[in-house]
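Please look over the sequence and structure first.

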Amino acid sequence: MIIFSAKNRAPHLGPFPLEKLSTTDRQTTYSSGASNNGPIEFRDSANEYSIVNSLAPFMLQLDRMRDGPIAARKSPIPGEYKERASHLKSAAYFLDASMVGICNIPDSALLANPLMNPELPDAKSPGKYPSANKYLDNVLDVIAAQLEFSSRDDAGLTSTKHQYGIVIMVEYPRDPDPDEAGGKWIAGAQAHRAALRTAEIAVVIAQYIRILGYPACAHSATTANLDLNALVVAAGLGIQDSSDKADNPFLKKRYGVSVVSTDLDLAVDRQLEFQAGKKATNFRWWLGLDGARPGYSLPRYKKRPYHLGLYPMEKLRRRKTTTTIIESQNVPRVPKRHDMFTRAAAGELGDKSQKQMQYGRCVTKFPFANSMTPLMAATIPLQEGQISATRAADTEDPESNSKALKAALHYLGADMVGISSAPDYVWYSHQADGSAIVPYHRFAITVLIDQGYDALEGSSGDDWVSAAQSMRSYMRANLVCSMGAAHIRNLGYSARSHGNPHQDVLHIPLIMLAGLGELSRIGELALNPFIGPRIKSAIITTDIPLAIDKPIDFGLQDFCNKCNKCARECPTSAIPFGDKIMFNGYEMWKPDVEKCARYRITNTAGAMCGRCMKVCPFSFEGVLAERPFHWAALNLPFTRSWLAKYDDKIGRGRINKIKKWWWDLDTDMNGVIVKAEKSNARELNFRPLKYGKQKLAAYPFTIAPSALSKTPVKIDRKGGVEWYRNAKKAGVEVSKGKNPDAG
Ligand code: SF4
Ligand code: SF4
């Protein structure tokens with residue numbers, strides 16, 4: 001909860017009021033001697049069950065991706081150095097950096113003995129995780145082919161002499177207490193957590209710059225050619241003192257840092273005055289009038305135990321069953337083959353959609369979204385792995401396991417965590433190749449990641465940044481869950497993560513069962529009362545004993561009944577204006593997923609779409625002034641119609657131009673990055689609702705292709721429209737039957 005809105009704060013300024021710090025022309029050249037300490041060691045031999053012991057392969061994957069091929073052609077980006085610097089800073093803040101500064105790299109910051117992750121493979125050794133490494137090599141080869149890269153070097157220390165350093169800092173949250181839930185696993189891991197979080201951002205930014213056609217390399221706490229601490233001083237983020245870690249005016253020494261070195265010309269920041277913090281850490285900052293992260297709220301989790309998370313989910317009404325009917329006996333298990341994007345890739349939605357699905361073009365055409373796809377793919381081999389032969393003591397109590405795992409996942413970066421059983425119907429029936437999936441775990445731990453308020457404010461919801469918002473959250477969700485699953489396996493139990501790149505379970509019913517959301521009018525989206533519809537999820541399935549959460553009820557069914565904003569604003573009219581129906585055993589406002597997928601895939605004035613998420617009144621910034629609205633929406637049913645209208649009246653859902661930082665770049669069919677010809681900038685559309693005229697189709701298992709069908713089966717739109725019409729007539733009592741593919 002913050003008191004003041006940051007709606008007028010430009011994204012490149014970041015959450016801390018760095019612009020208020022006093023700076024100097026002096027150019028201190030500072031060598032911290034930090035390299036003598038060597039890379040941070042991802043091993044805690046004193047505590048076998050420390051989370052640190054499960055993180056090493058993830059850090060290694062990030063270090064493997066630090067460098068790589070550079071696009072053969074330079075992209076048409078602005079030439080102004082200041083604009084470029086602001087753009088890259090905004091991109092790093094979009095990825096959740098706490099602070100970003102840019103400097104010239106002085107010669108004194110070049111390490112005579114570079115830091116090197118001891119697990120990195122080299123010419124003599126394949127490294128510790130050869131299958132993950134091999135997989136990553138394949139991913140990088142695909143990227144190289146896709147964007148006409150000139151060459152693809154293996155991750156190596158090829159880029160030691162760049163001119164500029166982009167310094168990325170991530171703050172520490174509260175130090176976990178070893179005696180709190182999960183504390184024994186997460187205490188003592190601050191440096192490792194921050195090393196991972198900063199490296200994730202640096203790897204994506206370096207990849208982005210290389211895709212744009214310029215050299216760039218990421219330097220982390222485990223693999224670096226540069227003295228990171230010296231660059232913190234050079235980039236105006238810290239003040240040299242007698243220790244080997246610079247002092248940051250807001251965070252002191254509670255931060256981790258990674259750097260991107262590059263030869264892309266950028267405007268640099270000034271260094272800080274020695275007394276810089278004195279003026280900036282004042283009452284205005286503490287209150288939140290300067291910056292966007294008030295001093296009183298630091299460090300994160302200051303007043304909350306880690307297992308509860310940052311949002312007061314524990315205060316919501318809970319119930320035995322979900323607020324929308326799930327006829328579990330009638331929910332058919334569906335094959336991955338039914339997914340509309342899979343069908344589009346197979347050509348079942350026509351040539352235009354199929355072409356846009358090649359290499360995931362509908363996403364990767366926007367270069368910044370593309371810069372996250374290698375890391376997403378590189379996590380796939382880490383979603384499962386070896387289970388420790390010995391079981392950790394004290395892991396038989398379901399209650400304490402649930403609390404401790406929630407604490408660990410929140411600590412690693414989850415915005416919300418909930419736990420449920422994993423009934424058979426949430427499992428896909430078949431893999432994309434037609435092989436059957438037999439459900440293999442009892443429990444599901446669901447993790448939500450907020451797609452972020454700011455970028456959504458600056459966009460129409462269906463412009464270029466849309467795909468990047470999704471990729472950022474898919475990437476983070478799968479990373480967090482894969483780390484959590486690795487930790488459970490280290491405790492001696494089976495576990496695997498299911499994220500956007502690869503999954504065996506359906507997320508939406510699990511979000512509802514875990515008490516993290518109710519099904520909304522948007523249809524195939526469970527909406528959370530605190531971050532609304534702007535969520536992406538990943539799941540851990542496991543057999544460790546767990547206590548499960550109950551579904552929530554915050555009045556959304558009634559609110560959506562009285563609000564039609566997403567239906568009105570959807571560019572393709574894919575969201576129903578009318579009542580819910582039964583579909584495959586679920587009571588829901590069934591959207592026309594064909595219309596939605598087709599638009600997202602073939603959108604020529606943006607990349608993908610999330611306009612329904614953008615305009616929903618439940619997408620809150622989290623300021624004090626919104627609290628009465630939020631409280632009334634949850635607790636006073638008679639206010640909901642008025643609240644939905646009021647949301648429109650005060651212009652929520654419009655574009656806040658101050659928040660737009662991204663460049664409208666597209667990639668043509670030859671893989672060349674070009675300036676986008678068009679960019680969606682639609683504003684609120686107050687057209688009257690036309691219930692009767694809306695024509696929707698749905699594709700239940702009865703009219704979808706068999707899981708085993710290898711040849712394309714053209715989508716049966718006529719059949720889908722007819723099925724929908726009949727389902728509307730029948731109300732919520734249809735959909736009885738059995739999936740012939742369910743086995
Ligand atoms: Fe409509 Fe876009 Fe939402 Fe799909 S994602 S339902 S096209 S607003
Ligand atoms: Fe429900 Fe309105 Fe949000 Fe749509 S926009 S999901 S109807 S609250």
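Buried here means under 20% relative accessible area, exposed means over 50%, and partly exposed lies in between, with a 1.4 Å probe and protein chains only. The model is predicted; local features need pLDDT of at least 70, side-chain atom pairs count only at pLDDT 80 or more, and totals for chains, interfaces and linings use all residues. Residues are numbered from 1 along each chain as its sequence is written, chains are lettered from A and ligands numbered from 1 in the order in which they are written, and side-chain values use heavy atoms, with hydrogens and water left out.

**Backbone details**

Helices (H or I, at least four residues) and strands (E, at least two) are DSSP runs, numbered from the N terminus. Leu-298 and Pro-299 are joined by a cis peptide bond, with omega about -15°. Pro-299 sits in the loop between helix H8 (283-287) and helix H9 (340-345).

**Strand E7**

Is strand E7 mostly covered or open? Strand E7 spans residues 255-262, and eight of its eight residues are buried, so the strand is mostly covered under the 20% cut-off. One side carries Tyr-255, Val-257, Val-259 and Ser-261. The other carries Gly-256, Ser-258, Val-260 and Thr-262. Both faces are covered.

E7 has pairing partners; two strands pair if DSSP finds at least two bridges between them. Strand E4 (residues 164-171) runs antiparallel to E7 over eight bridges. There, Met-169 has Val-257 as its bridge partner. Strand E5 (residues 216-219) is also antiparallel to E7, over four bridges. Ser-261 in E7 stands opposite Cys-217.

**Ligand 1**

A residue is near a molecule if one of its heavy atoms lies within 4 Å of it. Around ligand 1 stand Cys-570, Pro-571, Thr-572, Ile-575, Cys-596, Tyr-599, Cys-609, Arg-611 and Cys-612. Helix H20 (593-602) and helix H21 (611-615) each give two or more residues to this shell.

For residue classes, Ala, Val, Leu, Ile, Met, Phe, Trp, Tyr, Cys and Pro count as nonpolar, Asp, Glu, Lys and Arg as charged, and the others, Gly among them, as polar. The ligand 1 shell has seven nonpolar, one polar and one charged residue.

The shell around ligand 2 includes Ser-520, Arg-521, Phe-559, Cys-560, Cys-563, Lys-565, Cys-566 and Cys-616. Helix H18 (556-562) and helix H19 (565-569) each give two or more residues to it. Its classes are nine nonpolar, one polar and two charged.

A cavity is a set of points, on a 1 Å grid over the protein atoms alone, where a 1.4 Å probe fits but cannot get out; lining residues have an atom within 4 Å of a point. A molecule sits in a cavity if more than half of its atoms lie within 2 Å of its grid points. Grid points are joined across faces, edges and corners, and a volume is the space filled by probe spheres set on the points.

There are six cavities of 30 Å³ or more. Ligand 2 takes the space of the largest cavity, which holds about 100 Å³. Its lining has 13 residues, with Cys-560, Cys-563, Cys-566, Cys-616 and Pro-617 nearest the centre. H18 gives the most to this lining, with three residues.

Conventions. 1 Å grid on protein atoms, 1.4 Å probe; cavity = no way out; pocket = protein on both sides within 12 Å on 5 of 7 lines; lining within 4 Å.
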